[in-house]
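Dear colleague,

Please find below a structure that I am handing over to you. My notes on its salt bridges and on one of its pockets follow.

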Amino acid sequence: MKNLYNKLILLVTLSFSSILTWGQTDVGKTYIVSHYTKAEYMIPMRDGVKLYTAVYTPKDTSKAYPIMMNRTCYSAGPYGKNKFPSRLGPSPDFTKEGFIFVYQDVRGKYQSEGNWTEITPFIENKTGLQHDESSDTYDAVDWLIHNVTHNNGRVGVWGISYPGFFATNAALAGHPAIKAVSPQAPVTNWFLGDDTHHKGAFFLMDEMGFDYWFANSTNGPNKNNLPDLKLPIKDVYDFYLKLGTISQVNKQYYQHRVPFWDTVLMHPNYDSWWQARDIRKHMRNVQPATLLVGGWYDAEDLWGTLETYRTIEHNNPGHANTIVMGPWNHGGWAGPEMNHLGDIAFGTNTSAWFQQNIELPFFLYYLKDGPKPKLPEAVLYDVGINRWDAFETWPTKSAKNTKLYLNTDKQITTQAPNIANSYSSYTSDPAHPVPYQGGVRKNRGITYMIDDQRFATNRKDVLSFTTSVLNQNTTLAGPVKAHLSVSISTTDADFVVKIIDVYPDSAHGKMSGYQSLVRAEVMRGKYRKSFSEPVAFIPGELTEVSYTLPDILYTFKKGHRIMIQVQSSWFPLVDRNPQVFEDIYKAKAGDFRPSNIKIFHDKHHPSYIEVGILDQKSYRQHQFSKS
């Protein structure tokens, strides 16, 4: 059990910034103990269930302070009125500035009463004792405003990842005291794009590790009563390949005592259970100002950040709604320093810049009448040229919609193909799936979304198309739509499209010839027409597979090349598709079979990605200045 525990703690440390520390700064536990008083409460909700809440109030009581609230399923501890955390608030500047900091365990987690439910459905027009995460937020805030002394009647809420979901619910709670909310990498939809699935494809490696650990932190009969789980992982690719089918997880490890894992397997399609948990349907009449924060290389909730921003923007015209996207992995903006990710250097501390120039000014303005921050609609980091940019609308209307066609001779052109019956082909073999990252990995890690793709380029089951050497900087901006004309020899297959920055051989040191992943997404083929009602492929019949990748803002420099790769496995990030039309969660070992896949690129059946391209002269005017 210790072996598993250590691995899961590593996973959670990588995935959830709520447990990051600020390292060697002048704001730590000693400072907090000397400047704050702690109180613990069990706050009653409307149905009588009580939620554990820790409140840290400044010892200087000569003035009133706003409340900064974080609702979490990852522990509001340390528990005990004389036990203090090593951090308070989103960053050290908040701690020094002075707020009343509130941390609350949500229902069914840690010290709170009640029953935990995954991504609790939002209830419209609640009556009586009906409750959800938004009503629990309302009830908690109302109690705090009336019972915690020296508060100024204003509340801000923030949260990262799952706590980001709770922050989104706070924006919908309707309490007049909630003035500003920052959902950061918020869980939004676990079938379409976040964490558990992307476009219906199951994210096996993350889900298996997380579900076990998470079940053990949930109050109820399974807590601390799970089977002893020892995962002798020396190489994730080898481990999950030998694991075999999804059914082996329960047979060998979970023994049906991890509720959410079993729940997922009972809902293989986007049915009413999943649809009820799509909080986007309820993002109307949002009153608090909102600051959406995410990372371009967030392996968990990139989709959720973009979609939450997009939905609030669409449903609430004129609302104060800003999105910030930085060069970060999941939660990278919350740490003390983020000047590189993997092999890619940013040249500046991007997390500290965000904390000091965006996050703190946002909350100071709405909670303390601070100076009005000059925030545009979107503040986005372009990793290709290491620059913060500002846009008054996102996606920006100044980007020219462009099709980048896959063409003969593995070329990418802006001209449509003009020949007939042209295609490239490969064989996708579930017995030898394409790895998601090169080298031997003991865990998923945080760099695969930006890493060198040369390990995949020379594989026979990966198609690679490239532009000629760019004669000027080329900036892709906005949503990316993949349009593939395909035929397969089986009845199902996955499709992964990757956009890659190919560095010139003349680049310095290890960056010579580097193929840096910029954006990638998977589509489970049987959902190409409907996520609710999957459709089999007819072997050999030409079919269109179209889907949208998460947004992009990236400049490919002069002298570089743009590469697009197409493949049909991404293992063990994504589970293996047996390439037979069936409920994959019930697949047997004998169901898996190779599929001969053709990607067409002729004048009648083109394959391409569609994306905005910015004019370089006008793009220079978008560089963000906080002055």
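Arg-71 and Glu-133 meet through their side chains in a salt bridge, with 3.0 Å from N to O; the term denotes a side-chain nitrogen of Lys or Arg within 4 Å of a carboxyl oxygen of Asp or Glu. Because Arg-71 belongs to strand S3 (residues 65–72) and Glu-133 to helix H4 (residues 133–147), the pair ties together parts that are 62 residues apart in sequence. Helices (H or I, at least four residues) and strands (E, at least two) are DSSP runs, numbered from the N terminus. Arg-71 is buried at a relative accessible area of 1%, and Glu-133 is also buried, at 3%. Here buried means under 20% relative accessible area, exposed over 50%, and partly exposed in between (1.4 Å probe, protein chains only).

Please note that this is a predicted model, in which local features need pLDDT of at least 70 and side-chain atom pairs count only at pLDDT 80 or more, whereas totals for chains, interfaces and linings use all residues. Residues are numbered from 1 along each chain as its sequence is written, and side-chain values use heavy atoms, with hydrogens and water left out.

By the rule above, the count comes to 23 salt bridges. Another of them joins Arg-310 and Glu-307 (3.3 Å, N to O). These two residues are three apart in helix H11 (residues 302–315), a separation of about one helical turn. Arg-310 is partly exposed, at 27%, while Glu-307 is buried, at 15%. Both take part in a network of salt bridges that links Asp-278, Arg-280, Glu-307, Arg-310 and Asp-551. Asp-389 and Arg-387 form a further bridge, their closest N and O atoms being 2.7 Å apart. Asp-389 is buried at 0% relative accessibility, and Arg-387 is buried at 12%.

I turn now to the second largest pocket, which holds about 430 Å³ of space. A pocket is an open set of points on a 1 Å grid over the protein atoms alone, where a 1.4 Å probe fits, with protein on both sides within 12 Å along at least five of seven lines; lining residues have an atom within 4 Å of a point. The volume is the space filled by probe spheres set on the points, which are joined across faces, edges and corners. The lining has 20 residues, and Thr-414, Leu-470, Gln-472, Thr-474 and Ile-613 lie nearest the centre of the pocket. Strand S15 gives the largest share, three residues.
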